[in-house]
Amino acid sequence: MDSEELKRAQDPFYTDGIKHPNRKVGLGLPFLIQTAQQSGGGWEIKSDKGNGTRVCAWFNTKNIDTPPAGDIPGTFRTVLLFPGPREMHIKRTLENDKGGLDYEIKKTEISEALGGLDDAQSLLLLDQYLHSMEEE
């Protein structure tokens with residue numbers, strides 16, 4: 001995205017209409033930004049038009065306004081299965097009283113290791129792998 005597109009992507013009343021042609025709003029990034037700020041965290045978005053976009057958000061998990069994390073492995077699985085040849089790179093860092101976690105996942109590496117992400121066996125292995133990363 002160029003700087004103008006990046007600015008519009010942060011507007012809850014804007015959508016490019018590509019992913020969901022019938023929608024008139026795009027709430028994903030605005031909700032992420034709002035939630036990060038309300039929890040005492042922050043956010044950063046960097047984009048190089050034609051090369052990719054990096055979205056980073058962090059949350060103060062001790063803040064009362066931080067929502068429950070939910071199914072992190074399931075969320076990552078969904079993101080990794082987005083269609084298209086684009087690379088998806090997920091970096092997860094969690095700092096807590098037990099030490100936390102820190103790992104990275106790249107869609108191309110996972111897909112290559114599993115022989116693709118389009119059959120039940122590879123999806124089961126992906127799910128097991130993602131859950132194992134959260135248990136470390």
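## R54 and its partner E44

In this predicted model, R54 has a relative accessible area of 46%, so it counts as partly exposed. Its side chain meets that of E44 in a salt bridge, with 3.0 Å from N to O. The pair links distant parts of the chain: R54 sits in strand β2 and E44 in strand β1, 10 residues apart. E44 is partly exposed too, at 30% relative accessibility.

Another one of them joins the side chains of D127 and R77, at 2.3 Å from N to O.

Is each partner buried or exposed, or something in between? E134 has a relative accessible area of 22% and is partly exposed, whereas R92, at 15%, is buried. The cut-off for buried is under 20%, which means R92 falls below the line.

## S39, tucked into a loop

S39 belongs to the loop between α2 (28-38) and β1 (42-48). With 0% relative accessibility, S39 counts as buried. A polar atom of its side chain lies 3.0 Å from the backbone oxygen of A36. Leaving out residues up to four places away in sequence, S39 touches F59, N60, N63, D65 and T66.

D71 is in the loop between β2 (52-58) and α3 (72-80). At 44% relative accessibility, D71 is partly exposed. A polar atom of the D71 side chain lies 3.0 Å from the backbone nitrogen of G74. As for sequence versus space, D71 and H131 are 60 residues apart along the chain and 9.6 Å apart from C-alpha to C-alpha.

## The whole chain

Zooming out, the protein chain has five helices and four strands, running α-α-β-β-α-β-β-α-α from the N terminus. Of its 136 residues, 20% count as buried. Among contacts with a separation of 6 or more, 34% come from residues 24 or more positions apart. The accessible surface is about 9,800 Å², with 53% of that belonging to carbon and sulfur atoms.

Definitions and conventions. Residues are numbered from 1 along each chain as its sequence is written. This is a predicted model: local features need pLDDT of at least 70, side-chain atom pairs count only at pLDDT 80 or more; totals for chains, interfaces and linings use all residues. Side-chain values use heavy atoms; hydrogens and water are left out. Helices (H or I, at least four residues) and strands (E, at least two) are DSSP runs, numbered from the N terminus. Buried means under 20% relative accessible area, exposed over 50%, partly exposed in between (1.4 Å probe, protein chains only). Contact means heavy atoms within 4.5 Å. Accessible areas come from the Shrake-Rupley method with a 1.4 Å probe; for residues, only the protein chains shown count as cover. A polar contact is a pair of N or O atoms within 3.5 Å; within protein, one must be able to donate a hydrogen and the other to accept it, and residues adjacent in sequence count only if both atoms are side-chain atoms. A salt bridge is a side-chain nitrogen of Lys or Arg within 4 Å of a carboxyl oxygen of Asp or Glu.
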